[in-house]
Amino acid sequence: MSPLTLHDYLAVGAILFGLGMVGFLARRNLIIMFLSAEMMLQGVALNLTAFARYRGNLQGQAFVLFLLTVAACEAAIALALILMLFRRNRSLDVSLWQELREDDQPPNLDEEPLPPAPEPEPLPQLTPAGHEPVHAEPSHEEASHV
Amino acid sequence: MGTESLSRALVEFFPHLLPEGILVAIACVVFLGATTRAGRNLWYLLSLGALATGVLLIIAQGPPLSGSNSNRPETFASPVLFDNLTWFIRLLAFGGGLVFVLFSWSEVPEKQAADFLGCMLVTIAGLSMCGSANDLIGLFLSLEMISIPTYVLLYLPRYDEASQEASMKYFLLSIFSSAFLLFGFSYLYGLAGTTNLSGILHALDTTDVRDRPALASVVLIMVVAGLGFKITAAPFHFYAPDVYQGAPTVGAALLAFIPKAAGFVALLRVLGFVFPAAVSARAGIGMAFGDQTPILLCFLAAVTMFVGNLLALWQDNLKRLFAYSSIAHAGYMLIALAAAPLLRQAGRNEGADGIEALLYYLVAYGAMTVGAFAVISYLSTPERPIETVDDLAGLSRSHPGVALLMVLFLFSLIGIPLTAGFTGKFLIFFGALAVPGGERATLFPILAVLGMINAAIGAWYYLRLVAVMYLRTSVRPVEGKWCPAGLAAVGICALLTLGLSLPPGADWLVQAARKASGATTAAAPK
Amino acid sequence: MPPEPGFDLSAYFPIFLYLAIILGFAGTTLILAHVVGPRRDTSVKLMPYESGMDPVGDARQRFDVKFYLLAIMFLVFDVELLFLYPWAVVAYREGGLPAFLSGPVFWGVLVFIALLLVAYVYDWRKGVFRWR
């Protein structure tokens with residue numbers, strides 16, 4: 001088995017980047033779109049680390065550190081924004097947000113809307129074993145003794 | 001170059017960043033102040049003071065003498081570069097920041113004012129840092145310093161559905177585009193073996209085009225795509241109208257100016273249009289990635305102009321109209337960028353120069369577009385917002401003075417003489433026509449003619465606004481509000497639009513832009 | 001000292017036999033029980049606690065947004081720590097930082113931590129940590 005070369009790493013980086021791009025363009029869930037964009041960034045990070053190893057200096061790895069920090073900041077903002085959007089529409093579907101568009105353009109209607117979520121099955125109840133004894137009314141005499 | 005010079009360069013760059021440091025420190029104070037009960041005026045005055053101090057510091061510092069500082073080998077180690085372009089962009093950022101602070105004074109609700117202001121100061125510092133970045137990491141971080149607060153700025157002043165949709169759209173597409181930019185940067189680092197921009201340009205310049213791996217063209221495409229989003233060049237412009245429409249007016253004005261300026265500066269630096277004095281531009285400026293660069297920029301410019309101007313004709317919403325107008329103006333600026341390498345190769349330094357025209361136009365564009373947005377913001381009240389073109393009807397009767405200033409900005413956007421827009425367009429088209437003949441003899445004259453056709457198309461929709469303001473009467477006249485800070489912002493923009501077209505101002509700006517373009521220090525040896 | 005007797009695998013043959021029989025018996029029993037035994041899955045029988053308490057709700061319920069806020073804060077502060085590692089590793093090692101650089105770098109790290117502190121105070125004053 002031959003050792004991994006620079007090209008292998010670059011290929012994986014490019015594949016990650018491409019998968020992220022496809023995911024970003026094809027998905028409609030806000031969180032999945034954001035995660036796809038993050039995956040593109042991870043592809044870039046892999047490229048940088050591989051090049052840093054190939055070139056024998058640490059600048060690429062330093063770049064990755066900053067890249068990760070910026071990605072974390074963006075994740076924080078993304079979480080806040082997504083929460084805000086979810087509160088208004090109760091959904092993460094991006095196609096529900098179509099208020100801003102050209103005046104003469106009709107809204108992009110969904111031909112195959114998602115099926116409604118199934119009703120959750122009723123939770124099981126334990127069959128009580130035996131019968132609960134009938135509690136006798138405490139009489140006045142007993143109460144006074146206590 | 002040993003570690004010694006590298007380390008010294010690291011220590012020496014700190015004092016250069018004093019103005020940005022002050023700005024970020026004040027931003028921290030403002031953020032902490034946002035948690036107290038103090039009113040907005042305190043924080044606005046504080047940041048005005050910081051920005052004014054910054055402007056004074058920069059002016060006192062003066063543009064560095066050519067080749068004094070940046071000619072040493074430390075250029076290849078230092079993460080920041082302090083040359084004439086840095087000085088120019090710094091002044092632009094801090095001056096623009098003053099206008100934006102005045103502009104936003106009464107636009108933002110009291111509760112969010114300090115948070116908004118803090119984010120805005122960080123954005124301004126980011127633009128300023130962008131001009132001095134000499135490292136891919138620094139450049140990327142300064143671009144993100146502009147983007148990340150902008151996401152917050154877009155939805156902070158308003159909590160309605162449109163504003164949330166706009167900020168989400170901008171956010172998702174912005175990280176998508178910065179992924180492309182970063183992918184280009186990672187290959188660029190792999191090609192050159194360093195993240196230092198001077199080192200990269202040196203490495204690209206000393207290897208022959210034929211010896212390079214095919215990655216170089218991937219870098220060019222990815223970087224242009226990523227930065228094209230920031231400057232709203234044509235295939236990457238689609239977000240702009242929606243986002244501007246949903247954003248608050250001051251947010252739209254910020255988006256129209258700050259990312260665009262930063263994107264152009266980043267293009268100038270990364271594609272090697274402005275060389276550090278320590279690097280000799282053997283192949284000529286802008287040719288670091290091979291001589292396809294001008295052709296790519298040419299097509300981008302032509303498509304951008306047409307898309308912007310033609311689609312603007314159909315718009316009724318004012319912010320959408322100005323969004324398309326800003327796309328069109330990005331197209332004009334791209335003409336200047338495309339013509340720059342061939343002009344510089346011809347060695348006609350005393351005549352036209354592409355980068356000089358680009359920098360002049362950037363300032364002029366900033367003054368007139370921000371001015372127009374400031375007028376809209378000044379006239380809008382919550383009871384009677386100015387949203388569509390018809391809302392401007394009868395402005396000449398209710399607010400004759402403001403209407404006159406709006407006409408000034410619109411005339412400048414058209415490019416009518418005695419305005420900065422005219423001088424800028426003149427410099428750009430004259431430059432494109434002056435490109436000497438060669439194998440691409442017809443390309444640039446055609447581009448210049450296309451630009452003039454577009455300026456004519458643009459005149460139609462700007463004049464329509466003028467006609468609505470002066471010839472029609474409104475059922476419900478514009479009320480407007482009395483806001484001295486907003487009026488001051490409009491006034492500064494109007495002064496710049498007029499002053500930069502007349503000889504003393506125009507001469508000064510052209511000289512500064514010429515120095516910043518590096519034409520005098522790095523003339524291409526033939 | 002007498003020499004070690006040589007290792008003779010055949011001496012352990014009964015153990016292997018025993019092991020095989022155990023595994024075979026266990027496996028056969030389990031498979032037979034699965035195949036032959038009657039199975040009546042009722043909803044009560046499939047409950048997590050068959051003879052315990054009634055389940056109170058779905059596990060995939062919504063959580064309070066306060067957890068979410070804390071997660072956002074944690075995300076940023078956690079990653080900022082990344083920058084302290086290179087400094088901690090390099091700064092005080094032999095042949096790490098040049099002497100004249102250690103001062104500026106130390107102050108730089110202090111400024112960085114001060115910035116984090118500003119962010120912390122901002123969060124605190126904004127009431128992120130208030131658990132109402």
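How many helices and strands does chain A have? I started my notebook there, working from a predicted model. I counted four helices and zero strands in chain A.

**Entry: chain A on its own**

I read along the sequence of chain A and wrote down the pattern α-α-α-α. Then I looked up burial: of the 146 residues of chain A, 24% count as buried. I also checked how far apart in sequence the contacts reach. Among contacts in chain A with a separation of 6 or more, 47% join residues 24 or more positions apart.

Arg90(A) is not a glycine, yet I found a positive phi of about 60 degrees for it. I located Arg90(A) in the loop between helix 3 and helix 4 (140–145) of chain A. Is Arg90(A) buried or exposed? It is exposed, because I get 8 other C-beta atoms within 10 Å of Arg90(A), and 12 or fewer is the cut-off for exposed.

**Entry: what chain A touches**

I took chain B as the partner to begin with. The contact uses 32 residues from chain A and 30 residues from chain B. On the chain A side, I listed the elements that give two or more residues: helix 1 (6–26), helix 2 (30–55) and helix 3 (59–89) of chain A. Which helix gives the largest share of that side? I noted helix 3 of chain A, with 15 residues. Sorting the chain A side by class, I got 23 nonpolar, three polar and six charged residues.

Next came chain C. Here I found 16 residues of chain A in contact with 14 residues of chain C. The chain A side of this contact splits into 13 nonpolar, three polar and no charged residues.

**Entry: the nonpolar core**

I moved on to the largest nonpolar core, which has 238 residues. Tyr361(B) and Val375(B) have the most contacts inside this core. I wanted to know which element gives the most to the core, and the answer is helix 14 (residues 354–379) of chain B, with 20 residues.

What does Tyr361(B) touch, leaving out residues up to four places away in sequence? My list reads Tyr332(B), Met333(B), Ala336(B), Gly424(B) and Ile428(B).

**Entry: helix 14 of chain B and two of its neighbours**

I looked at helix 4 (residues 84–103) of chain B against helix 14 of chain B and got an angle of about 5 degrees, with the axes 11 Å apart. Angles under 35 degrees count as roughly parallel, so helix 4 of chain B is roughly parallel to helix 14 of chain B.

Helix 14 of chain B packs on helix 20 of chain B at an angle of about 130 degrees, with the axes 8 Å apart. That makes helix 14 of chain B oblique to helix 20 of chain B. I noted a right-handed crossing for helix 14 of chain B passing helix 20 of chain B. Helix 14 of chain B brings Glu356(B), Leu359(B), Tyr360(B) and Val363(B), and helix 20 of chain B brings Leu509(B), Val510(B), Ala513(B), Arg514(B) and Ala516(B). I sorted the residues of this contact into seven nonpolar, no polar and two charged.

I found Ala455(B) in helix 18 (residues 443–471) of chain B. Why does Ala455(B) count as buried? I get 20 other C-beta atoms within 10 Å, and the cut-off for buried is 20 or more. Leaving out residues up to four places away in sequence, Ala455(B) touches Gly415(B) and Lys425(B). I also looked up Gly421(B), 34 residues from Ala455(B) along the chain, and their C-alpha atoms are separated by 11 Å.

The other one is Leu418(B), with a positive phi near 75 degrees in a residue other than glycine. I placed Leu418(B) in the loop between helix 16 (400–414) and helix 17 (420–433) of chain B. Leu418(B) is partly exposed, with 14 other C-beta atoms within 10 Å.

Definitions and conventions: Residues numbered from 1 in each chain as written. Chains lettered and ligands numbered in written order. Predicted model: local features only at pLDDT ≥ 70, side-chain atom pairs only at ≥ 80, totals over all residues. Core = buried A, V, L, I, M, F, W, Y, C linked by C-beta atoms within 7 Å. Contact = placed C-beta atoms within 7 Å. Axes fitted to C-alpha atoms, helices over the stretch in contact; angles between N-to-C directions. Parallel < 35°, antiparallel > 145°, perpendicular 65-115°, else oblique. Nonpolar A, V, L, I, M, F, W, Y, C, P; charged D, E, K, R; others polar. Left-handed = near helix turned anticlockwise from the far one by under 90°.
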